[in-house]
Amino acid sequence: MRFASLVVLLGCAPTRVRPTQLPELVQPEPVGVIDTTTYDNKLASIRATLARSHIELDAGPVIESCGEHHGIQDCVHCDVATRRDTSGVDPDMLDAIAIAFARYPQRVLDISGIQHVALCKDIHYSQVHDGVPQPAGMAMPGDARLLLSLEPVAHIADYGGGFTIEQVVHHEVFHMLDKETDDHDWHALNPPRFAYRDPAPLDESTRPGGFVNHYATTNEREDRASTFEYMIGQPEKLCAIERVDPIVAKKVRVVRERVAKLMGARGLPPEHCKAPGPKPPAKPLFHG
């Protein structure tokens, strides 16, 4: 019995099973992303260009800033982009970011106060604001930071108007430089009875008279920044507008004078429009 009992007890003893290693779930590679080597090289180029002016490329993973941004009281979120977020992004557009910043010498970026640049998967507010488009970029003077979004870059054709990532950089850099508020001289340049409207209409099929694009009708700061982005990023297109729009021509002169006063005129595009011709190679925006 004791033997039989022992057999029963042994037979009822729990079996110990050695745990098996579960295979790691590997996320599939998103379609159309930039390959690792190319992406690392592009990011290294941006990082090196910014480092000349002691500006850091943010590593993330999330950047949040709460307060008033572009007239909106809310929190802004930037999910810092990784290589897996580059589906549909032309690698040359990453080069264009580095080239745009390279046009500014260190002293100009020092004046801007930029200390950080974040390349975001996208930029979004915590709440939904009717009529407010997803930002392609955002200047944050209080945080000494400039945000650039990959989402509009991946779908750049949807934005129309010859929109380029270089223009986004120049637009946001100007915001960091522009200290004017309640600019009565600027308002005096606008068409009679005109009033800025935020959010501005999104229709880009026709350009509103007196402005380089519809977004410039948002407020005076966006008007000046939009004029500057065209002056630096698309001078030939701006020249064509100036020829038919004397208000825009006056605004260009004002922006030029203010920029020259702040940083010097050398390196700015020609003051007077020239006949269309081959596009010259990009040169430093400001010398010295």
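The expected span of a helix is 1.5 Å times one less than its number of residues. With that in hand, let's look at this predicted model, starting with one of its helices.

**Helix 6**

Helix 6 runs over residues 165-177, which gives it 13 residues. From first C-alpha to last it reaches 19 Å, close to the 18 Å expected at 1.5 Å a residue. This helix is mostly covered, with 12 of its 13 residues buried. The buried set includes three histidines, His170, His171 and His175. Also on the buried list are Gln167 and Glu172, along with Ile165, Val168, Val169, Val173, Phe174, Met176 and Leu177.

**The chain as a whole**

Stepping back, the chain has 288 residues, and buried ones make up 43% of them. Its secondary structure comes to 10 helices and 6 strands. As for contacts, take those between residues at least 6 apart in sequence: 70% of them join residues at least 24 apart.

| Pair | Axis separation | Angle | Residues in the contact, by class |
|---|---|---|---|
| Helix 2 (residues 36-51) and helix 3 (residues 91-102) | within 9 Å | roughly 10° | 9 nonpolar, 3 polar, 3 charged |
| Helix 8 (residues 220-233) and helix 9 (residues 235-244) | 6 Å | about 120° | 6 nonpolar, 2 polar, 1 charged |

Take helices 2 and 3 to begin with: their axes cross at roughly 10°. Angles under 35 degrees count as roughly parallel, so helix 2 is roughly parallel to helix 3. On the helix 2 side, the contact is made by Thr38, Tyr39, Lys42, Ser45, Ile46, Thr49 and Leu50. Helix 3 brings Pro91, Asp92, Leu94, Asp95, Ile97, Ala98, Phe101 and Ala102.

Helices 8 and 9 pack at an angle of about 120°, which makes helix 8 oblique to helix 9.

**The disulfides**

On to the cysteines. How many disulfides does a search of the whole structure find? The search turns up 2. One pairs Cys66 with Cys75, and their sulfur atoms sit 2.0 Å apart. The torsion about that S-S bond, between Cys66 and Cys75, is about 105°, so this disulfide is right-handed.

Cys78 and Cys120 form a disulfide too, at 2.1 Å from S to S. Here the torsion about the S-S bond of Cys78 and Cys120 is about -105°, so the disulfide is left-handed. This pair links distant parts of the chain, since Cys78 belongs to strand 3 (residues 72-80) and Cys120 to strand 4 (residues 116-125), 42 residues apart. Cys78 and Cys120 are both buried.

One last stop is Leu189, found in the loop between helix 7 (184-187) and helix 8. Which residues does Leu189 touch, not counting those up to four places away in sequence? Its partners are Ile247, Lys250, Lys251 and Val254. Leu189 and Ile247 are 58 residues apart along the chain, and their C-alpha atoms are separated by 6.5 Å.

How values were computed. Residues are numbered from 1 along each chain as its sequence is written. This is a predicted model: local features need pLDDT of at least 70, side-chain atom pairs count only at pLDDT 80 or more; totals for chains, interfaces and linings use all residues. Side-chain values use heavy atoms; hydrogens and water are left out. Axes are lines fitted to C-alpha atoms, for helices over the stretch in contact, and angles run from 0 to 180 degrees between N-to-C directions. Helices (H or I, at least four residues) and strands (E, at least two) are DSSP runs, numbered from the N terminus. Angles under 35 degrees count as roughly parallel, over 145 as roughly antiparallel, 65 to 115 as roughly perpendicular and the rest as oblique. Ala, Val, Leu, Ile, Met, Phe, Trp, Tyr, Cys and Pro count as nonpolar, Asp, Glu, Lys and Arg as charged, and the others, Gly among them, as polar. A disulfide is a pair of cysteine sulfur atoms within 2.5 Å. Buried means under 20% relative accessible area, exposed over 50%, partly exposed in between (1.4 Å probe, protein chains only). Contact means heavy atoms within 4.5 Å.
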